[in-house]
Each structure stands twice: as C-alpha cells, then as structure tokens.
Amino acid sequence: MLSWSMAKSVLAAIVGAAVADGKLVVAAPAPVPEWAGAGDPRGAITLDMLLRQSSGLEFDETYGAVNDVSRMLFAHPDTGAYAASKPLRHPPDSFWSYSSGTSNIVARIVSEALGRSPDAFNAFARAKLFGPCQMPSAFFEFDASGTPIGSSFVFMTALDWARFGEIHRVDGVCPGNQRVLPEGWVRYVTTPT
C-alpha cells in the first residue's frame with residue numbers, strides 16, 4: 001500500500017532512530033548546503049523546525065495541475081534540492097505550514113547522515129526500525145538523486161502499517177520489548193506545532 005503523506009511519519013521514525021544513534025541532532029541548524037552562504041537567513045532553520053513544518057520556507061501545497069508538490073515529485077530529479085531552493089516566506093519558527101517539501105529536505109539530511117546512498121539508508125531503516133518491528137514489506141522509494149522520497153513514497157502491507165501504528169501506541173517499543181525510538185520521541189512527533 002502506498003503511503004502518500006503517511007511517509008512523513010515513517011521518515012520521522014527514521015530520524016528518531018538516527019537521533020538515538022547520535023547521527024542527528026534536532027536542535028542543531030539543518031545541514032543544508034543551499035543555506036550555508038554567509039547571511040542566508042535560512043541557515044537559522046533547524047532540523048526540529050523542518051520536522052514540525054515551521055521552517056518558514058515558501059512551498060505551495062495546494063494540489064492541482066501545477067504546484068510545488070507536483071513539480072517536486074514528478075519534474076525534478078532531486079526532491080530535497082528542489083525544496084531547499086525555496087526562499088523564506090516567514091521568519092523561521094514563526095509560522096506553521098504543511099509542506100511536503102520540508103519532509104524531502106529532512107529525507108536528504110537523513111540520507112547524508114547515513115552515507116548518502118539508497119543501500120546505506122535501506123540498511124539503516126531495516127536494522128533500526130523495519131527489522132526489529134517485524135515490518136518486512138516496508139520500503140522507501142528514492143528519487144533520481146538517491147534521496148528517499150520521505151514526503152510521499154513509502155510502501156508496506158496493511159499489516160505492517162498496523163505494526164507501525166502500534167510502535168507509536170507503545171512509545172517506540174517493538175515486539176520483544178525492543179526500544180527503537182528514543183523515549184519521548186512519539187510524544188515529540190505527535191505534539192501539535
């Protein structure tokens with residue numbers, strides 16, 4: 001079953017596993033090369049702001065024939081770069097706006113932290129989340145640049161989607177009492193912004 005936006009929750013779980021492994025820090029400025037220039041106000045955006053969709057980036061999430069979502073998903077080879085190229089519309093952390101673009105920036109950040117290859121990302125997801133939680137059908141689709149499309153394209157069976165929901169019901173613990181998400185992570189990702 002195709003996830004569409006449920007992929008954002010799976011991506012957030014992968015981020016949680018990467019945080020637990022010390023590979024990412026949510027309070028740190030997001031490591032986005034497009035924002036590294038001196039004086040670029042986007043450099044103040046943190047991974048936390050991206051996860052909570054309060055980055056302030058301009059992104060058109062209205063669905064129709066031509067919009068940022070359709071351009072990003074179907075016309076650009078690098079979904080994260082497309083979204084990262086957007087200018088600020090609001091100061092960081094001052095305005096909430098649902099954005100598939102920010103999820104793909106997060107996906108690119110996670111991919112970079114794990115070695116920037118689909119194989120490395122898949123191995124981490126399998127070892128840290130999908131394997132321990134008995135979700136054998138789960139997988140991400142990648143864009144042409146090798147970034148997982150964390151906004152929209154995760155696939156798994158209905159049973160594995162139910163298992164994913166159960167992980168969240170029990171605060172990031174899988175069968176066999178194995179913790180896969182940091183304690184409190186589920187509360188963090190489910191708290192409204």
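Cys-133 and Cys-174 form a disulfide, with their sulfur atoms 1.5 Å apart; the term denotes a pair of cysteine sulfur atoms within 2.5 Å. Cys-133 lies in the loop between helix 6 (118–130) and strand 1 (139–140) and Cys-174 in strand 3 (residues 173–174), so the pair ties together parts that are 41 residues apart in sequence. Helices (H or I, at least four residues) and strands (E, at least two) are DSSP runs, numbered from the N terminus. The structure holds 1 disulfide.

This is a predicted model, in which local features need pLDDT of at least 70 and side-chain atom pairs count only at pLDDT 80 or more, while totals for chains, interfaces and linings use all residues. Residues are numbered from 1 along each chain as its sequence is written, and side-chain values use heavy atoms, with hydrogens and water left out.

Both Cys-133 and Cys-174 are buried, where buried means under 20% relative accessible area, exposed over 50%, and partly exposed in between (1.4 Å probe, protein chains only).

Helix 7 (residues 158–169) has 12 residues and reaches 17 Å from its first C-alpha to its last, close to the 16 Å expected at 1.5 Å a residue; the expected span is 1.5 Å times one less than the number of residues. In helix 7, the residues Asp-160, Trp-161, Phe-164, Ile-167 and His-168 are buried. They cover an arc of only 110° around the axis, which puts them on the same side of helix 7; the arc is that of the directions from the helix axis to the C-beta atoms. The face turned away from the buried side of helix 7 carries the exposed residues Leu-159 and Arg-169.
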